Amino acid sequence: MKNIYHLVIKDINRFLNDRRAVILTFIVPIILIIIFGNIFGGSGGVRGKAEILLVNESKSVVAKLLESKLDSSKALRTVKTYTAENGKDTLMFDEETAKEWVRTGRISAAVVMPKDFFTDTSSAIKIKFYYDPKNEIESNIIQGNLQQTIFTQIPRMMPILMQRKAANYLGSDSAKRFLKGMGKIAHEYFGVSPDSFYNRLTRIDSASLFSSSADTSSETNIMSNLVRFDSEQLVGKKITNPGLTRSVGGWAMMFLLFSLTGAATSIFEERNEGTLKRLLCMPITRSDILWSKYIYSMLLGMIQLLVMFVFAWVFFGVEIFSNFGNLLIVIIASAAAAVSFGMLITSISKTYSQANGISTLLILVMSALGGSWFPTSFLPGWMQVISKGTLTYWSMEGFLQVLWRHSSFAGIALNVLVLLSIAVLINFYALIRFRRGII
Amino acid sequence: MLRISHIIKNFENVNALQNVSLTINKGEFFGLLGPNGAGKSTLMNIIIGYLEADSGQISFNDQIISSSNISLRKKFGYVPQEVSLYLELSAHQNLRIFGKFYDFSAKELENKIEEVLELVQLKDRKKDPVKEYSGGMKRRLNLAASLLHDPEILLCDEPTVGVDPQSRNAIFDMLNVLNKAGKTILYTTHYMEEAERLCSRLAIIDNGNIIAQGSLIDLINLLNQKDTIKIQKTTFTQNKLALLKDMGRVSESDFYLELIPKESYDRNSKIFAKLEEIGIQNEFVQISRATLEDVFLNLTGRSLRD
């Protein structure tokens, strides 16, 4: 027993001295639990809200009601204004601008309550919904929440909507006469004022509409014929394999990071095997070696991404050739940023195993935060901010712009600029450290 | 040829080299002998440009070696301690990769590769992956890779660590051939037998300091005594102990009496004559010659293997 005890202690000591094993065993799962826990609301904190653009062009009190309900939704965050090009003025969205924002990927969905949302003669309310299902789950969540918010409010307007439906069917004079007659009957049997009875049936009581006391859940199912919900997918309608088109970039990027970090950290292997020393004794500079690693990793990364996309095209019909030039640009920028990430890991690590541990941690976290596994809109607000600091995010968005939205270069320029900036800055830092012999 | 002047190199908590100065002349087989951690490899790493010295300078043929003067490295051939080869590639592929960094035409490089493979007797196995080679073969290829460009000086950093005696002898023979052909060799080792066998001149390094340098005879002469006489203990020799003590200092171990003769007995013939005179037979006597180990012990108070 004593021997077993000592052997167990020996293994514990060895484990605790292996920083990589400790990181992989505890730190990585803890970080992933934090991320997923926040997504699924396990922490009890504020969950991430899906952003939705809201345009209310109607003056109707019903539209006002829906707007206020959408504003206070726990699952949706409404956006109603934007900053004008002069950078000073704040403008309200109109329908066309909203559609443009969805089309260009700046937001996933827009709800428009048009001028004729609910006129005096409407028998149904009219809502327009524009969406970009680049992230299917996100899109479904937005639609689900939107419809739930709308339908739970509709029962309060049911009497008026049903009367308007009847008026449309019978003609307004006949309907009016019928209601007046009903008022007389009510007066006769219940002593109610006929005018008051008529008004209750034909006017909208805004106070009761905004009250939250009414229980409307059981009536929701029959409401759908009282709402004209015109939804239009603005982007990706022609995509043959939308599921894979959305996710191929994310998975490709995650594995690119793994393979290129491996390629960059092979400097450690060369150091351990002594070949680095042999090379440095030859008429070769340290910078030559670093650049050679960079170029090799770039080529490897570009080929890896191309192979993945071609594979997705051959086997799953992901359309890569209709915007191939821009796809190549994003591939190059992504590979450059991924290589620089590998160089950064190499430059801050002292050993191969340390580099391996750090890179595994960072790649998994970046993939989770950057959108490789699920839409970033699922994340809490503060995580969405961090997400934009990951190269995975910019790369993912770039691939979506190209494959999903078929953007022109202007559409991917920001992504490419950010990725290349990351590459340049990190490589500059790594080059300095390598020249000083730190690597 | 190679002049090392006042090199100082410190790591975090270690003074690896403390004001090291050496000169290696053209055609010399110069040994740098010292225990593990003495600073041999650090000095070698600074010479080849892998590390930078904190201060001091190294020049080769009066040209200062620096990171900006990389063309000077063409004159160096470096044989590292490790097998510094791409193991998944063949010997030929390895040599082609390393040879590409020198100014050879394609044909010249091929000829050079054949030449060095012939020298290290690996021509027949040149297409096999290096990972399939024995340890000795890998070491020979390690040497071949350093000779491709016909360097003026060969820098060997403990090239026989972990090598079997047969391969070690083969490497020694090759190095001797090269030195006889005029190649200058700087050879670091912690094996005093290697240093004694190969080197025409030596420096002993310990704790980052050169504590002695010169030819083997110069270094042995630093010792007060040259040889030790070991006499197997028998009843008879025990009786002669007093007479032995007249000849010099005697110490006892379990099986031997160890005699360090006085100055007047520094010639072996005299010692044997005197031993015979007092009746100790030659078959019970063994002369232990002074070695670099003794020199190191004498200078540092420690064994080379400590």
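Predicted model: local features only at pLDDT ≥ 70, side-chain atom pairs only at ≥ 80, totals over all residues.
## Chain make-up

Chain A has 439 residues, and 36% of them are buried. Its secondary structure comprises 18 helices and seven strands. Among its contacts with a separation of 6 or more, 77% join residues 24 or more positions apart.

Chain B has 306 residues, of which 37% count as buried. Here the secondary structure comes to 11 helices and 14 strands. Residues 24 or more positions apart supply 68% of the chain B contacts with a separation of 6 or more.

## Contact between the chains

Chain B brings 18 residues to the contact, and chain A brings 12 residues. On the chain B side, 11 residues are nonpolar, three are polar and four are charged.

## Nonpolar cores

The largest nonpolar core holds 167 residues. Ala110(A) and Leu155(B) touch the most other members. Helix H14 of chain A, residues 324–348, gives the most to this core: 14 residues. In soluble globular proteins, nonpolar side chains tend to be buried together.

Residues up to four places away in sequence aside, Ala110(A) touches Ile52(A), Leu53(A) and Val55(A), along with Ala98(A), Lys99(A), Trp101(A), Val102(A) and Tyr130(A).

## Helix H1 of chain B

Helix H1 of chain B spans residues 40–48 and is mostly covered, with nine of its nine residues buried. The buried set includes Leu43(B), Met44(B), Ile46(B), Ile47(B) and Ile48(B). Lys40(B), Ser41(B), Thr42(B) and Asn45(B) are also buried. Gly49(B) follows H1(B) and has a positive phi, near 90°.

## Helices H2 and H3 of chain B

Helix H2 of chain B (residues 91–99) packs against helix H3 of chain B (residues 106–119). The angle is about 125°, and the axes are 10 Å apart. H2(B) is therefore oblique to H3(B). Their crossing is right-handed.

H2(B) makes this contact through Ala91(B), His92(B), Leu95(B), Arg96(B) and Gly99(B). H3(B) uses Leu109(B), Lys112(B), Ile113(B), Val116(B) and Leu117(B). By class, the residues of the contact of H2(B) with H3(B) are six nonpolar, two polar and two charged. An α-helix has 3.6 residues a turn, so residues three or four places apart point the same way.

Most residues other than glycine have a negative phi. His6(B) is not a glycine, yet its phi is positive, about 50°. His6(B) sits in strand E1 of chain B, residues 2–10. Is His6(B) buried, exposed or partly exposed? His6(B) is partly exposed, because 13 other C-beta atoms lie within 10 Å.

Asn61(B) is likewise not a glycine and has a positive phi of about 50°. Asn61(B) lies in a loop of chain B, between strand E4 (55–60) and strand E5 (63–64). Asn61(B) counts as exposed, because it has 12 C-beta neighbours inside 10 Å. The cut-off for an exposed residue is 12 or fewer.

Note on methods:
Residues numbered from 1 in each chain as written. Chains lettered and ligands numbered in written order. Core = buried A, V, L, I, M, F, W, Y, C linked by C-beta atoms within 7 Å. Buried ≥ 20, exposed ≤ 12 C-beta atoms within 10 Å, placed from the backbone. Helix = DSSP H or I, 4+ residues; strand = E, 2+ residues; numbered from the N terminus. Contact = placed C-beta atoms within 7 Å. Nonpolar A, V, L, I, M, F, W, Y, C, P; charged D, E, K, R; others polar. Axes fitted to C-alpha atoms, helices over the stretch in contact; angles between N-to-C directions. Parallel < 35°, antiparallel > 145°, perpendicular 65-115°, else oblique. Left-handed = near helix turned anticlockwise from the far one by under 90°.
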